[in-house]
Amino acid sequence: MTLDFSTLLAILAMAAATIFTRISGLVLIRYVEIDERRKTAIEAIPPAVLMAVIAPTAFAAGWAETLACAVTAIVARRLPMLASVVIGVATVALLRAAGF
């Protein structure tokens, strides 16, 4: 397998951009006062990311996936992220086993 220099450069640039954005977020948050409004907005990010990841599946797959996405969206409003994902996976598995 050969690696083209431009491909290697693109991979390194993407890695640097990823590391920079993660570290800069941690550094900059030290200088921001977290009031209730900002705290609420920050807490809304993980469920929003989860929905952005699973939403294409809801519309591109069968009924089991669509129903599991709806269940995941509902439980993500009340439960932690890991529990929401586990419930979503279990739901799609059960619905597929049931023939949906």
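Colleague: Is V53 buried or exposed?
Modeller: V53 counts as exposed, because its relative accessibility is 57%. Exposed means over 50% relative accessible area, buried means under 20%, and partly exposed is in between (1.4 Å probe, protein chains only).

Colleague: What sort of model is this?
Modeller: This is a predicted model, where local features need pLDDT of at least 70, side-chain atom pairs count only at pLDDT 80 or more, and totals for chains, interfaces and linings use all residues. Residues are numbered from 1 along each chain as its sequence is written, and side-chain values use heavy atoms, with hydrogens and water left out.

Colleague: Back to V53. Which helix is V53 in?
Modeller: V53 sits in helix 3. Helices are DSSP runs (H or I, at least four residues), numbered from the N terminus.

Colleague: Now helix 4. Which residues of helix 4 are buried?
Modeller: The buried residues in helix 4 are A64, E65, A68, C69, T72, V75 and A76. They lie on the same side of helix 4, because the arc they cover around the axis is only 135 degrees. The arc is taken from the directions from the helix axis to the C-beta atoms.

Colleague: What do the buried residues of helix 4 pack against?
Modeller: They pack against helix 3 and helix 5.

Colleague: And which exposed residues are on the face turned away?
Modeller: W63 and I74 are the exposed residues on the face of helix 4 turned away from its buried side.

Colleague: Take T72 in helix 4. What does T72 touch?
Modeller: Not counting residues up to four places away in sequence, T72 touches L50, M51, I54, S84 and G88; contact means heavy atoms within 4.5 Å. T72 has 6% relative accessibility, so it counts as buried.

Colleague: What span should helix 4 have?
Modeller: Helix 4 covers residues 63–76, and its 14 residues should span 20 Å at 1.5 Å a residue. The end C-alpha atoms are 20 Å apart, so the two agree. The expected span is 1.5 Å times one less than the number of residues.

Colleague: What is I87 in contact with?
Modeller: V71, V75 and L79, leaving aside neighbours of I87 within four places in sequence.

Colleague: How many Å separate the C-alpha atoms of I87 and Y31?
Modeller: 37 Å, and the two residues are 56 residues apart along the chain.

Key:
Helices (H or I, at least four residues) and strands (E, at least two) are DSSP runs, numbered from the N terminus.
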